[in-house]
Amino acid sequence: MGGGNMQEELITVKNLEIIYKTDLETVQAVNNISFSLNKAETLGIVGETGAGKTTTALSILRLLPDRTARVLNGEILFNGKDILKVNKSTIRSIRGGKISMIFQDPMTSLNPILTVGAQIAEALKVHKDSLNNEDIERKVDETLELVGIPAIRKNEFPHQFSGGMKQRVVIAIALACEPELLIADEPTTALDVTIQAQILSMMKVLKNELSTAMILITHDLGIVAQTCDKVAVMYAGEFVEYGTIFDIFDSDIHHPYTEGLFGSLPNLEEETDRLKPISGLMPDPTDLPKGCKFSPRCHYRTDICDVELPSFNVNGTKKIACHKFKDWGRTDG
């Protein structure tokens, strides 16, 4: 992953706030998050179900539901352009062409009545109008071979593929136009462990070959350790810890929530009767606590945690939003 292009900033998200509003309630889905990603880098966003990870990803592609979702604040700068402000034709050219997404479930991401080759060709026809039919067919063959599927299978339908092969097809569609940014939302959730390892290994190789930046959304710290350059730990719509892969995995200093995530992983070197899960549940996003969102579940909790939202405490490239670390580094509100 060497080369000077890694330091070119590709995408910057600043102070993003998103709600889902219905007649009955308002869900505070994403609450003032910021991050940046350079070309050819991978950011892992990790957290429990309902933390706001997928909402963040969909906002980058402007795929949030029109009727209920509202972006209250923030900017999403992609190559210097604010995605939230560009017109519909511009976002259509970016979506799939410059930014692609691998959705959670390969079983429902593919059209059952079109061949896999036709579905890859569709992405190319929309975004690469300079290609003629012969070029498109050749590119379909190349893309399938790239993800480990023989080109001869391009005229088969999704039901003729296993779960792992379907996920490879979904990745092929996402990579067909050689995007600058790939968003992978739980790309291995429905797959068994062996296929998971193959898919992750393949994504890593392809990312390096194509110099694609990647945002990997997952709840699995093991996947993050294998794949990412930067990590953001997300809880109740907020980033509670952010840093390089070394900041997160080679350090004993963690936000209490990150500490809980590590504590609930099995350790092969320790014999124990049971894992240590984080007590309690994530707060109701329609009624979030006033202070730190994690305080009801935190065993370091003090009075200030219930009333005051913690600022980011910064030490080097690592940030932790926790009152416990207020003297640990400089403060970045």
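## Helix packing and selected contacts in a predicted model

Helix 4 and helix 6 pack with their axes 8 Å apart and at an angle of about 20 degrees, and the two helices are therefore roughly parallel to each other. The structure is a predicted model, in which the chain averages a pLDDT of 89 and 97% of the residues score at least 70.

**Helix 4 with helix 6**

- The crossing of helix 4 and helix 6 is right-handed, and in it Val116, Gln119, Ile120 and Ala123 of helix 4 meet Val169, Ala172 and Ile173 of helix 6.
- Sorted by class, this contact of helix 4 with helix 6 has six nonpolar residues and one polar residue, with no charged residues.

**Helix 4 with helix 5**

- The crossing of helix 4 and helix 5 is right-handed, with Gly117, Ile120, Ala121, Leu124 and Lys125 contributed by helix 4 and Ile136, Lys139, Val140 and Leu144 by helix 5.
- The residues of this contact of helix 4 with helix 5 divide into six nonpolar, one polar and two charged.
- Ile120 of helix 4 takes part in the contact with helix 5 and also in the contact with helix 6.

**Helix 6 with helix 7**

- Helix 6 (residues 163–175) packs with helix 7 (residues 193–210) at an angle of about 15 degrees, their axes being 11 Å apart, which makes helix 6 roughly parallel to helix 7.
- The crossing of helix 6 and helix 7 is right-handed, and the contact is made by Gly164, Gln167, Arg168, Ile171 and Leu175 on the side of helix 6, together with Ile195, Gln198, Ile199, Met202, Met203, Leu206 and Leu210 on the side of helix 7.
- By class, the contact of helix 6 with helix 7 has eight nonpolar, three polar and one charged residues.

**Salt bridges**

- The count of salt bridges comes to 13, and one of them joins lysine 39 to glutamate 8, with the closest N and O atoms 3.3 Å apart.
- Lysine 39 lies in the loop between strand 2 (26–38) and strand 3 (42–46), whereas glutamate 8 belongs to the segment before strand 1 (9–21), so the pair ties together parts that are 31 residues apart in sequence.

**Proline 289**

- Proline 289 is placed in the loop between helix 10 (256–263) and helix 11 (303–307), and, leaving aside neighbours within four places in sequence, proline 289 is in contact with Pro283 and Pro296.
- The C-alpha atoms of proline 289 and aspartate 306 are separated by 7.3 Å, although these residues are 17 residues apart along the chain.

**Confidence at the start of the chain**

- Over residues 1–6 the pLDDT stays under 50, and for this stretch the model has 11 contacts beyond four places in sequence.

Technical notes:
Residues numbered from 1 in each chain as written. Predicted model: local features only at pLDDT ≥ 70, side-chain atom pairs only at ≥ 80, totals over all residues. Heavy atoms only, no water. Axes fitted to C-alpha atoms, helices over the stretch in contact; angles between N-to-C directions. Helix = DSSP H or I, 4+ residues; strand = E, 2+ residues; numbered from the N terminus. Parallel < 35°, antiparallel > 145°, perpendicular 65-115°, else oblique. Left-handed = near helix turned anticlockwise from the far one by under 90°. Contact = heavy atoms within 4.5 Å. Nonpolar A, V, L, I, M, F, W, Y, C, P; charged D, E, K, R; others polar. pLDDT = per-residue confidence, 0-100. Salt bridge = Lys/Arg side-chain N within 4 Å of Asp/Glu carboxyl O.
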